[in-house]
Each structure stands twice: as structure tokens, then as C-alpha cells.
Amino acid sequence: MTDRNYTTTFTVPQKPAEVFAAINNVRAWWSEGIEGEAHRIGARFTHRVLNLHRCDIEVKGLVAGEKVVWTVLDNHFSFTKDETEWKGTDMVFEIARRGNKTEVKFTHVGLVPEYECYEVCKDGWRTYINSLYALITTGKGQPNVGEAKTESEQALARSAKGVS
């Protein structure tokens with residue numbers, strides 16, 4: 001059986017502890033507007049992109065230098081028929097030392113091609129995981145700072161305003 005969840009993997013020269021710390025610094029790579037915290041099991045935070053997307057997330061698992069697991073408690077998309085498509089899905093970061101490098105495997109468990117949001121979400125994750133990579137390797141990510149960041153988000157924002 002093929003895993004159909006959205007997954008991407010990258011390697012960096014930094015140690016697992018540095019990668020783990022960067023993942024948990026969600027404001028530095030995902031969105032500066034995140035409310036709440038992501039540093040302990042049971043912590044909750046909210047991610048928003050304009051009026052396009054809001055998700056409430058709980059930290060379900062933290063294994064220092066090895067794994068981070070978040071569960072989406074609630075979700076709202078303004079651009080899909082099922083506004084709650086992410087609800088109940090998990091975001092899993094697996095960290096492993098491979099020789100003198102560290103591998104990071106990100107899987108959004110439950111984000112599958114059948115979801116109406118899949119292409120937009122895939123574009124979003126590609127952008128934000130690249131931002132995480134930048135944070136780990138250079139010390140500076142490119143988080144969302146309150147506007148539509150990805151091409152898909154920009155297109156949705158223009159559409160919501162009635163601009164082509």
C-alpha cells in the first residue's frame with residue numbers, strides 16, 4: 001500500500017537538537033501571527049492566513065531531538081466545501097541522524113489528494129517547510145507575516161476580493 005499522506009524529507013548539517021528547537025519555534029518559520037505556544041505536550045496554538053484559513057492545533061507528542069506531533073483540533077477554510085478538511089489530521093516531524101547529517105521527515109497525516117484543499121495545502125507546506133529549512137540552516141526563516149505568502153494563498157485572496 002502506498003502512503004498517500006503529504007510527505008516531504010530534507011537533510012541538514014545541524015544536529016537533531018537544533019532541528020527540534022527550530023520546529024518548535026513556529027513563529028520563526030510558519031507564521032509570526034501564531035497565537036499560543038508549541039513547546040510542551042498539551043500546548044495549543046492557532047495559525048491564521050487572512051480570512052482564508054484558521055486551524056487550532058494541539059501538541060500531542062514531543063521527543064527531544066527525535067519527533068514532534070501536532071493534531072488539528074479545529075479547522076476552517078473559506079475556499080472549500082468542507083471547511084473542516086484538516087480537522088483530526090496530524091502533522092508529524094521525524095528527526096533522525098544519518099551519518100553526519102540530520103534528516104527531517106514531515107508528514108501531514110490525513111492530508112490526501114482527495115481533499116479539495118490538497119493542491120493549495122501542498123503549495124503551502126512546500127513554502128513553509130522551505131522556510132523551516134532556511135531557519136535551521138541559516139538561523140532565519142521566512143514565516144508568513146500577516147499576508148498571503150504562497151502563490152495559492154495570493155490567488156485565493158485575490159479571488160475573495162473579486163480580483164482576477
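The paragraphs below go through this predicted model from the whole chain down to single residues.

The chain contains 4 helices and 7 strands. Read from the N terminus, its elements follow the order β-α-α-β-β-β-β-β-β-α-α. The radius of gyration is 15 Å, close to the 15 Å that the globule rule gives for 164 residues, so the chain is as compact as a globular protein of that length. Along the principal axes, the C-alpha atoms fill a box of roughly 50 × 35 × 30 Å. Of the 164 residues, 45% are buried. The accessible surface of the chain is about 8300 Å², and carbon and sulfur atoms account for 48% of that surface. Among contacts with a separation of 6 or more, 52% are between residues 24 or more positions apart.

The 7 strands make an open sheet in the order 1-7-6-5-4-3-2, with antiparallel pairing. Strand 1 (6-12) and strand 2 (35-36) are at the edges and have a single partner strand each, so one side of each lacks a neighbour in the sheet. In general, strands of a sheet pair through backbone hydrogen bonds, either parallel or antiparallel.

Glu 35 has Thr 46 of strand 3 as its bridge partner. Leu 50 has a positive phi of about 45 degrees, although it is not a glycine. Most residues other than glycine have a negative phi. Leu 50 counts as partly exposed because its relative accessibility is 44%, which lies between the 20% limit for buried and the 50% limit for exposed.

Strand 4 is joined to strand 5 (residues 67-77) by 10 bridges, and the two run antiparallel. The hairpin they form has 3 residues between the strands, and Gly 65 in this hairpin has a positive phi near 70 degrees. Val 63 is placed opposite Lys 67 of strand 5. Lys 67 in turn stands opposite Glu 94 in strand 6. Strand 5 and strand 6 (residues 90-98) run antiparallel and are joined by 5 bridges.

Helix 1 lies across strand 1, strand 4, strand 5, strand 6 and strand 7, and runs at about 160 degrees to strand 6. Helix 3 (residues 118-138) also packs on the sheet, where it touches strand 1, strand 5, strand 6 and strand 7; its direction makes about 15 degrees with that of strand 1. Ala 21 belongs to helix 1 (residues 16-24). With a relative accessibility of 46%, Ala 21 counts as partly exposed. Between Ala 21 and His 108 there are 19 Å in space, C-alpha to C-alpha, and the two are 87 residues apart in sequence.

Thr 102, in strand 7 (residues 101-109), is the last stop. Thr 102 is buried because its relative accessible area is 0%, under the 20% limit. Its side chain reaches the backbone oxygen of Gln 14 at 2.5 Å. The side chain of Thr 102 also makes a polar contact with the side chain of Arg 97, at 2.7 Å. Beyond its neighbours within four places in sequence, the residues in contact with Thr 102 include Phe 10, Thr 11, Val 12, Lys 15, Pro 16, Val 19, Ile 95 and Ala 96.

Key:
Residues numbered from 1 in each chain as written. Predicted model: local features only at pLDDT ≥ 70, side-chain atom pairs only at ≥ 80, totals over all residues. Heavy atoms only, no water. Buried < 20%, exposed > 50% of the residue type's maximum accessible area, 1.4 Å probe, protein only. Polar contact = N/O pair within 3.5 Å; in protein donor to acceptor, adjacent residues only side chain to side chain. Contact = heavy atoms within 4.5 Å. Pairing = 2+ DSSP bridges. Rg over C-alpha atoms; globule rule 2.2 N^0.38 Å. Areas by Shrake-Rupley, 256 points an atom, 1.4 Å probe, with all protein chains shown as cover. Axes fitted to C-alpha atoms, helices over the stretch in contact; angles between N-to-C directions.
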